[in-house]
Amino acid sequence: DYGCGQALASLAFIDYLQQFVNCEQITLQLHLVEPSQTTLTLAARAVTAMASRISAATYVHEHHGSLADFLQNSSLNVADEDCVLHLLSNVLDIAAVQTQIPTLAAQIAATAGKQLILGVGPKYSNHTQGLELLKRALTGVRVKQDVAKFAVASEIYSIKNHHWEQTQAVGTMMGLCYHNAAQDEPLPKAA
C-alpha cells in the first residue's frame, strides 16, 4: 500500500476478504509505505485491528519514508504461488510519486509471480495522468479495468451549513494484471 496514509486501501481489501474469501489458508504480508511516521503508526494499528477479524495469518510491515526510499531499499521476494496486490490509493496525482513510476514498473517487472495493480483516486487530471503513466510503463500488462471514472454516494458535513449533506464522491480507477494473473485459479470463496 504505497503512500498508504490511513491505509484505506488496505482496510478496504481486508473488508473484501472478510466478506467474500475463505482466509483460512491465506497469509497476508501487508507493506504500508508512508512518509509520515504518525500516520504510518495509526495506519498499522488500524490494519492490525481490522485483520484480526479474518482467519488469515497477517503480518504488517511498516516502511517509513517516501516511495522512492521504499523502492530503493526494498525488493519483493515472491514465490510463484504467491499473489502480490499493489495498492495505489490517492497517490498517483502526486508529482513525486509520478517520477517514481518507471522505478516501480521495473520492480514489478522484476518480481516473479502473479501481480495485480489497483490504482484509485479523486477525479483530478493529475491522477488520471498518473494512472496512464503507470499503464504505459508496464510492458506485457493485461488491462483488467482500464482507466474509468466512478461515482459513489457519500455524505459530508458542511461546517458552513452545520449539517450532513448527501453528495457523490467522484474519482478514477484502474486495475491491471501482470504475469497472466487473470488466468490463474481464483481465491477460494467464503462459505
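This is a short walk through one predicted protein model, from the overall fold down to a few single residues.

Okay, some housekeeping. Residues are numbered from 1 along each chain as its sequence is written, and side-chain values use heavy atoms, with hydrogens and water left out. As the model is a prediction, local features need a pLDDT of at least 70 and side-chain atom pairs count only at pLDDT 80 or more, while totals for chains, interfaces and linings use all residues.

So, how confident is the predictor? pLDDT is its confidence in each residue, on a scale from 0 to 100. The protein chain averages 82, and 88% of the residues score at least 70. Helix H2, residues 37-51, has the highest confidence with a mean of 94, and strand E5, residues 142-158, has the lowest at 77. Then there is the stretch 180-191, where the pLDDT is below 50. That stretch still has 21 contacts in the model beyond near neighbours in sequence, a contact being heavy atoms within 4.5 Å.

On to the fold. We have six helices and six strands; these are DSSP runs, H or I of at least four residues for helices and E of at least two for strands, numbered from the N terminus. Going along the sequence you read α-β-α-β-α-β-α-α-β-α-β-β. Of the contacts with a separation of 6 or more, 76% are between residues 24 or more positions apart. And 37% of the 191 residues count as buried. Buried means under 20% relative accessible area, exposed means over 50%, and partly exposed is in between, using a 1.4 Å probe and protein chains only.

Now the aromatics. Rings of Phe, Tyr and Trp (the six-membered ring for Trp) pair if their centres lie within 6.5 Å; planes under 30 degrees apart are stacked, over 60 edge-to-face, and the rest tilted. How many aromatic pairs does that rule give? Three. One of them is tyrosine 16 with phenylalanine 20: the centres are 5.1 Å apart and the planes sit at 40 degrees, so this pair is tilted. Both residues are in helix H1, residues 8-20, and being four residues apart puts about one helical turn between them. Tyrosine 16 is partly exposed at 42%, and phenylalanine 20 is partly exposed at 43%. Tyrosine 157 and tryptophan 164 make an edge-to-face pair, 5.4 Å centre to centre with 70 degrees between the planes. There, tyrosine 157 is partly exposed at 41%, whereas tryptophan 164 is exposed at 56%.

A quick word on cysteines. If you take a disulfide as two cysteine sulfur atoms within 2.5 Å, the count is zero. Cysteine 4 is buried, at 7% relative accessibility, and cysteine 83 is partly exposed at 46%.

Next, the second largest pocket, with a volume of about 230 Å³. The search runs on a 1 Å grid over the protein atoms alone, and a pocket is an open set of points with protein on both sides within 12 Å along at least five of seven lines; a cavity is a set where a 1.4 Å probe fits but cannot get out, and lining residues have an atom within 4 Å of a point. Points are joined across faces, edges and corners, and the volume is the space filled by probe spheres set on them. This pocket has 13 lining residues, with Ser89, Asn90, Val120, Gly121 and Phe150 nearest its centre. H1, strand E4 (114-122), E5 and strand E6 (163-178) each give two or more residues to the lining, and E6 gives the most, with four.

Asparagine 90, from that lining, has a positive phi of about 60 degrees although it is not a glycine. Where is asparagine 90? In the loop between strand E3 (83-89) and helix H4 (95-98), and it is partly exposed at 42%. Histidine 162 also has a positive phi of about 60 degrees without being a glycine. Histidine 162 is in the loop between E5 and E6, and is exposed at 60%.

Last one: lysine 135, in helix H6, residues 125-137. Is lysine 135 buried or exposed? Buried, at 17%. Apart from neighbours within four places in sequence, lysine 135 contacts Val141, Val143, Asp146, Met174 and Leu176.

Notes:
pLDDT is the predictor's confidence in each residue, from 0 to 100.
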